[in-house]
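I opened the notebook to record what I looked up in this structure. The entries follow in the order I made them.

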Amino acid sequence: SVSNIVPESCLLIVVGLLVGGLIKAVGEKPPILKSDIFFLFLLPPIILDAGYFLPLRQFTENLGTILIFAVVGTLWNAFFLGGLMYAVCQLGGPGLNHIGLLANLLFGSIISAVDPVAVLAVFEEIHINELLHILVFGESLLNDAVTVVLYHLFEEFANFEQVTIIDIILGFLSFFVVSLGGVFVGVIYGVIAAFTSRFTSHIRVIEPLFVFLYSYMAYLSAELFHLSGIMALIASGVVMRPYVEANISHKSHTTIKYFLKMWSSVSETLIFIFLGVSTVAGHHYWNWTFVISTLLFCLIARVLGVLVLTWFINKFRIVKLTPKDQFIIAYGGLRGAIAFSLCYLLDYKHFGMRDMFLTAIITVIFFTVFVQGMTIRPLVDLLAVKKKQETKRSINEEIHTQFLDHLLTGIEDICGHYGHHHWKDKLNRFNKKYVKKCLIAGERSKEPQLIAFYHKMEMKQAIELVESGGIGKIPSAVSTVSIQNINPKTLPVERILPALSKDKEEEIRKILRNNLQKTRQRLRSYNRHTLVADPYEEAWNQMLLRRQKARQLEQKMNNYLTVPAHKLDSPTMSRARIGSDPLAYEPKADSENLPIITIDPASPQSPESVDLMNEEPKGCGGLPPSPEEDEEGLVMRVKEPSSPGTDDVFTPGTGDSPSNQRMLRCLSDPGPRPEPEEGEPFIPKGQ
């Protein structure tokens, strides 16, 4: 019940505080979260898990918005916060006067970045919609390049006696080197991992190892050259995943998935516990002015940055960011262990105020994680922000999504506009034509066919039947139905089908999605002027019109044959009638000359199904009906179904004789009725 109110990250920090307090109470020195341990061992699993399972469609569709928030927003926060904190230090008294502009800018660059670990820990629990989640989480991933550049830049500038304009220009260019260099390193290792997995079909056990090994190599190589290790990990995970999953087995895929989840969860737990322990164990220097100003300016800078950037972004977005979305983005700017570790890396020789920086950073982390992390769930419910769709999209939705993508690509081609869909389609074509053939083994490089997959499933089912039922030797290409017909007694009466695993279901879903909609096939063009007319179309129209007129005529005729329902007597009245005149209620043996009405068995309720077969004995044949026939009334018989291939309108039936036609005319036109006399009642007597 506590975890429903308090996020897991807050509880872990509390556990760390308790553990650190116990260690200190015993008289031992609590361990401190060292930066080397954090950056080399604890951070990579979390980033690899986020990059490998990154929702690529949402990420690429909102990449421009994410980059603006990550780059421009982080730069704004760093310089706005650093400049204001420098002003506070100049006005704050003797304890803060010695802190210069570069030190405050370095502090601003450390504290301004949104932390991916904290964002993941909080946003996974509130199940926010995909757009807001990818905007905040994507910003926290991509702002690493800005943080790394600013951190190393101000750290180097602090050692210089004088900073020139050339140094500033080189520092600006280093941002592109760090970010694009990290992406390049990640892509290289991702391609190597995909190529290596092509040759692991005979050693399935070590397939997951290559994913972890090459990803970690990408991170270490990027950190070695002071590039962005986080961007290298994300790039390697995104690049290798589609090709690696096409090459490896299902068991290896499951191993990678759950090992990454477990590894990242353990790292996240250790990070937050160590944050609590380090808070108790570290050296702190508390300055009310500096700490309160840092917390206040962090919130102001975040809100102003989100409002201004969203106003600019909404001019170019089709789906606008609403005020509720802006509030969640601003409120979700959580700080975490990355800022703590970067500050812990500072050298005492050049930054004597490191303890005060650490104290302020820990205060901001605790405020964002505890206060904002605990209140964001009630605020999301209060504002009725759209939640994440829990159910998986159906194949129908995914196929229509792809169809709309190709439709938009075609519209862009017609308009001559090279937009997002155009370049995405070009990349997919290049990937299918060249890259897949090099990185995916065997026939998997081509599109998997539904028929081949059906045969594969059929063979697997046949093998299972042979192994379980002992049916004997069965041909290799025999179908499941024929297998069941060979020896039906060996199978149980109700065979329970085995439930599909999630991986198998995902594979079937992927195959159906790829095959039920072929991309941009070139079809023969046509127009309405070149279409050949159907010679039978006019004859069919005439036949339909004649059939419709015949049905209408038959319906009019049947309106006169409506027989009112016989009113049922009560049981007492029936016994009285039978007792008074038993002969009147005996069934008549002779019923050959009775009039017959046939009923079509297809729809006995419809009036069209009634066909008059023999009505001569009843008034129109020249002889008056006998009283016995009068009492028996009409006999209903079921009409025999017509033979296949005959037309029920144009084929003459048994009731189409001239006498029957005269009978129809007689019934359809009963003639004028005599007017009732003045003293005569409206309802005749005896009715």
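To what area does the accessible surface of the chain come, and what percentage of it belongs to carbon and sulfur atoms? I found about 41,600 Å² for the accessible surface, with 64% belonging to carbon and sulfur atoms. Accessible areas come from the Shrake-Rupley method with a 1.4 Å probe, and for residues only the protein chains shown count as cover.

Before going on I noted the ground rules. This is a predicted model, in which local features need pLDDT of at least 70 and side-chain atom pairs count only at pLDDT 80 or more, while totals for chains, interfaces and linings use all residues. Residues are numbered from 1 along each chain as its sequence is written, and side-chain values use heavy atoms, with hydrogens and water left out.

**Entry: the whole chain**

I looked up the secondary structure and found 25 helices and three strands. Helices (H or I, at least four residues) and strands (E, at least two) are DSSP runs, numbered from the N terminus. The chain has 687 residues, and 38% of them count as buried. Buried means under 20% relative accessible area, exposed over 50%, and partly exposed in between (1.4 Å probe, protein chains only). I then looked at contacts, meaning heavy atoms within 4.5 Å. Of the contacts between residues at least 6 apart in sequence, 80% join residues at least 24 apart.

**Entry: H12 and H15**

Two packed helices are described by the angle between their axes and the distance between the axes. Axes are lines fitted to C-alpha atoms, for helices over the stretch in contact, and angles run from 0 to 180 degrees between N-to-C directions. Helix H12 (residues 288-313) and helix H15 (residues 354-383) have axes that come within 9 Å and cross at roughly 45°. H12 and H15 are therefore oblique to each other. Angles under 35 degrees count as roughly parallel, over 145 as roughly antiparallel, 65 to 115 as roughly perpendicular and the rest as oblique. I noted the crossing of H12 and H15 as right-handed; a crossing is left-handed if the near helix is turned anticlockwise from the far one by less than a right angle, and right-handed if clockwise. The residues in contact include Phe-290 and Leu-295 of H12 and Phe-357 and Val-364 of H15. By class, this contact of H12 with H15 has 10 nonpolar, three polar and no charged residues. Ala, Val, Leu, Ile, Met, Phe, Trp, Tyr, Cys and Pro count as nonpolar, Asp, Glu, Lys and Arg as charged, and the others, Gly among them, as polar.

**Entry: H13 and H15**

Helix H13 (residues 323-331) packs with H15 at an angle of about 170°, the axes being 11 Å apart. H13 and H15 are therefore roughly antiparallel to each other. Among the residues in contact are Lys-324 and Phe-327 of H13 and Leu-379 of H15. I noted eight nonpolar, two polar and one charged residues in the contact of H13 with H15.

**Entry: positive phi**

Most residues other than glycine have a negative phi, and most peptide bonds are trans. His-226 is not a glycine, but has a positive phi of about 60°. I located His-226 in the loop between helix H9 (207-224) and H10. His-226 counts as partly exposed, at 46% relative accessibility.

Ala-384 also has a positive phi, near 55°. Ala-384 lies in the loop between H15 and helix H16 (395-415), and is exposed at 58% relative accessible area.
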